[in-house]
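Here is a short report on one protein model.

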Amino acid sequence: MSFMRDEIFAQPDIVARLAADLAPYRAAAAAARAAGVRFVLYAARGTSDNAAVFGKYLATIHAGLPAGLAVPSSATVYDTPVDLRQCLVVGISQSGETPDVAEYVAHARQAGAFTVAITNDDDSLLARQADTVLATHAGREQAVAATKTYTSQLAVLALFWAQWCDDQSLLSALRSDVPEAMRAALSLDDEIAEIAQWLRYSERLLVTARGYNFATALEAALKFKETSYIAAMPYSAADLMHGPIAMVEPGYPALLYSLSGRALPAMRQLERDLLERKAELVVVEDTPEGG
């Protein structure tokens, strides 16, 4: 039906394939540990930048390392010397040809960082600048709006940090549970097509989540902008409550990611607050009947 749809349906197999060979992630994690890494910076743009947000949560919450998003212009525009010893710098780019990401990684390596490239092409510009490469090998993405790029990058990040923490339960889930859950979600194709009519004539949309799922709220909003020209605004549920919720009036469309985990109680409270404002909600959840 379309390149984008085909690439969406390719995602479970790509994730399963990435998780089938753990050697690259084991080697990369061991090399980063040997370099004395104590904090983490991610350099990326667009969809890859949203994947980097997920990586930031993984490094901080799962591995206990301070993590944040890099400022590429510190190297590419301002040429500022920064001491990056004991820092892991992860450059993320689907093509590996994003100039400022590759330049920042090269700058970081010279400044003492241990550098990792996450890219679809292990012979790309970005790959050549880094100490080690974790290739997604997701195949060429023909659709303008990235889909398999995003989930393959999430998978690589999860595999790397699972190896860093020797988290066998997460590694096992990535090998089997995660691809199966993705296939189950894709089996809802007809129901999702029906729900999508809700937004057919909308010009605006609030997209919100908290914790790990904030990255997907960011990416979903980007997809709405790219494919449907909807002014989709992504917010952390916590940030939304600090002022922006004032814009929500009766009939305002909102998409919430309310998934199981420690952030769920906060999302449930946000649902109640938005319903009090008579917003029109679609809630993505992974438990029966919102339990």
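## Helix packing

H4 passes H8 in a right-handed crossing. A crossing is right-handed if the near helix is turned clockwise from the far one by less than a right angle, and left-handed if anticlockwise. Helices (H or I, at least four residues) and strands (E, at least two) are DSSP runs, numbered from the N terminus.

This is a predicted model, where local features need pLDDT of at least 70, side-chain atom pairs count only at pLDDT 80 or more, and totals for chains, interfaces and linings use all residues. Residues are numbered from 1 along each chain as its sequence is written, and side-chain values use heavy atoms, with hydrogens and water left out.

Helix H4 covers residues 46–62, and helix H8 covers residues 148–165. Their axes lie 9 Å apart, at an angle of about 20 degrees. H4 is therefore roughly parallel to H8. Axes are lines fitted to C-alpha atoms, for helices over the stretch in contact, and angles run from 0 to 180 degrees between N-to-C directions. Angles under 35 degrees count as roughly parallel, over 145 as roughly antiparallel, 65 to 115 as roughly perpendicular and the rest as oblique.

Which residues of H4 and H8 make the contact? From H4 come Thr47, Ser48, Asn50, Ala51, Phe54, Gly55, Leu58, Ala59 and His62. From H8 come Thr149, Tyr150, Gln153, Leu154, Leu157, Ala158, Trp161 and Cys165. Contact means heavy atoms within 4.5 Å. By class, the contact of H4 with H8 has 10 nonpolar, seven polar and no charged residues. Ala, Val, Leu, Ile, Met, Phe, Trp, Tyr, Cys and Pro count as nonpolar, Asp, Glu, Lys and Arg as charged, and the others, Gly among them, as polar.

H8 also packs with H9, at an angle of about 160 degrees and with axes 10 Å apart. That makes H8 roughly antiparallel to H9. The crossing of H8 and H9 is right-handed. On the H8 side, Thr151, Ala158, Leu159, Ala162 and Gln163 take part. They meet Leu170, Leu171, Leu174 and Met182 of H9. This contact of H8 with H9 holds seven nonpolar, two polar and no charged residues.

H9 (residues 168–186) has a further partner in helix H2 (residues 11–20). The axes of H2 and H9 come within 9 Å and cross at roughly 175 degrees. H2 and H9 are therefore roughly antiparallel. Gln11, Pro12, Asp13, Val15, Ala16 and Ala19 of H2 meet H9 residues Leu174, Arg175, Val178, Pro179, Met182, Arg183 and Leu186. The contact of H2 with H9 has nine nonpolar, one polar and three charged residues.

## Single residues

The table lists relative accessible areas. Buried means under 20%, exposed over 50%, partly exposed in between (1.4 Å probe, protein chains only).

| Residue | Relative accessible area | Class |
|---|---|---|
| Asp100 | 19% | buried |
| Glu271 | 13% | buried |
| Gln86 | 38% | partly exposed |
| Glu249 | 39% | partly exposed |
| Tyr229 | 70% | exposed |
| Arg262 | 87% | exposed |

Asp100 lies in helix H6 (residues 99–110). Its side chain makes a polar contact with the side chain of Arg45, at 2.7 Å. A polar contact is a pair of N or O atoms within 3.5 Å; within protein, one must be able to donate a hydrogen and the other to accept it, and residues adjacent in sequence count only if both atoms are side-chain atoms. Beyond its neighbours within four places in sequence, Asp100 touches Arg45, Pro72 and Thr76. Glu271 sits in helix H13. With neighbours within four places in sequence left aside, Glu271 is in contact with Leu256, Ser258, Leu281 and Val283.

Now the loops. Glu249 is found between helix H12 (237–240) and strand S8 (253–257). Leaving aside neighbours within four places in sequence, Glu249 contacts Arg204, Arg277, Lys278 and Ala279. Arg262 is in the loop between S8 and helix H13 (264–276).

Backbone angles come last. Most residues other than glycine have a negative phi. Gln86 has a positive phi of about 65 degrees. Gln86 lies in the loop between helix H5 (73–76) and strand S3 (87–93). Tyr229 also has a positive phi, near 60 degrees. Tyr229 lies in the loop between helix H11 (214–228) and strand S7 (231–236).
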